[in-house]
Amino acid sequence: EAAQFLTPDSAEALLEAQQVALSDDFMRQVPATWLRTSWGAYSPDAVLESGALIEGPALIGPGCFVAQGAHIGAGTVLTRDVVVSTGSVIRHSVVLPQTFVGQQLELDGTVVNAQSVQHLKLGVRTVLPASEGLLLDLHRKEPVGTSWLARATAALACLVCLPWLALDTGLRRARGLPLR
């Protein structure tokens with residue numbers, strides 16, 4: 001409903017808005033396809049490995065992966081396509097889409113967007129270098145496509161194999177065998 005919409009203008013406001021989504025009233029309204037648990041709810045498209053420790057309230061969105069040994073604490077929202085590695089601890093935080101959380105990383109009271117972490121308690125924003133591999137952006141940067149070199153190599157391989165294919169086809173027809 002219109003009264004439920006919020007427009008957060010800061011990281012603090014975004015975290016507060018997400019905490020509203022973790023209230024009992026809102027948790028009863030999660031989509032019917034989502035799986036409800038004692039700690040909250042998660043999308044059927046999420047993968048939660050056995051051995052992952054999850055405390056509620058928490059919401060885990062579609063495409064998320066929580067590894068064995070990861071700890072998702074109370075007040076956490078994993079939005080979409082988030083990967084949480086073994087040994088990581090996330091509490092009272094919002095992790096935005098397409099984010100990889102590396103091993104042994106502890107996030108408490110944060111808003112995480114790829115390599116950027118807004119620490120709400122400390123009032124600072126940290127951008128971790130990709131070379132450390134602790135937080136990574138999972139968005140594809142370059143366009144997806146086949147290079148011309150790969151296409152030329154495939155065409156050359158087909159031309160090299162063409163005489164053998166023609167010979168095989170002729171022999172199979174002469175013997176009455178089905179074509180490959």
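View 1. Welcome to a predicted model, in which local features need pLDDT of at least 70, side-chain atom pairs count only at pLDDT 80 or more, and totals for chains, interfaces and linings use all residues. Residues are numbered from 1 along each chain as its sequence is written, and side-chain values use heavy atoms, leaving out hydrogens and water. β15 and β16 run antiparallel and are joined by four bridges; strands pair if DSSP finds at least two bridges between them. Four residues separate the two strands of this hairpin, and Gly123 in the turn has a positive phi of about 70°. Strands here are DSSP runs of E with at least two residues, helices are runs of H or I with at least four, and both are numbered from the N terminus.

**View 2. β14 and β15 make a hairpin with two residues between them.** Here, too, the strands run antiparallel, with four bridges joining them. Val112 stands opposite Val117 in β15, while Ala114 in the turn shows a positive phi of about 55°.

**View 3. An open sheet of eight strands has mixed pairing.** Follow the order β1-β2-β5-β8-β11-β14-β15-β16 across the sheet. At the edges stand β1 (35-36) and β16 (124-127), each with a single partner strand, so one side of each has no neighbour in the sheet. Further in, β8 (residues 76-78) and β11 (residues 94-95) pair in the parallel sense over two bridges, and Val77 stands opposite Val94 in β11.

**View 4. Ser85 sits in the loop between β9 (82-84) and β10 (89-91).** Ser85 is buried, with a relative accessible area of 9% (buried is under 20%, exposed over 50%, partly exposed in between, using a 1.4 Å probe and protein chains only). Its side chain reaches the backbone oxygen of Val101 at 2.9 Å. Leaving aside residues up to four places away in sequence, Ser85 touches Ala67, Ala70, Phe100, Val101, Gly102 and Gln103.

**View 5. Trp39 and Tyr42 form the one aromatic pair found in a search of the whole structure.** Their ring centres are 5.7 Å apart and their planes lie at 20°, so the pair is stacked (centres within 6.5 Å, using the six-membered ring of Trp; planes under 30 degrees apart are stacked, over 60 edge-to-face, the rest tilted). Trp39 is buried at 13% relative accessible area, and Tyr42 is also buried, at 19%.

Terms used: Polar contact = N/O pair within 3.5 Å; in protein donor to acceptor, adjacent residues only side chain to side chain. Contact = heavy atoms within 4.5 Å.
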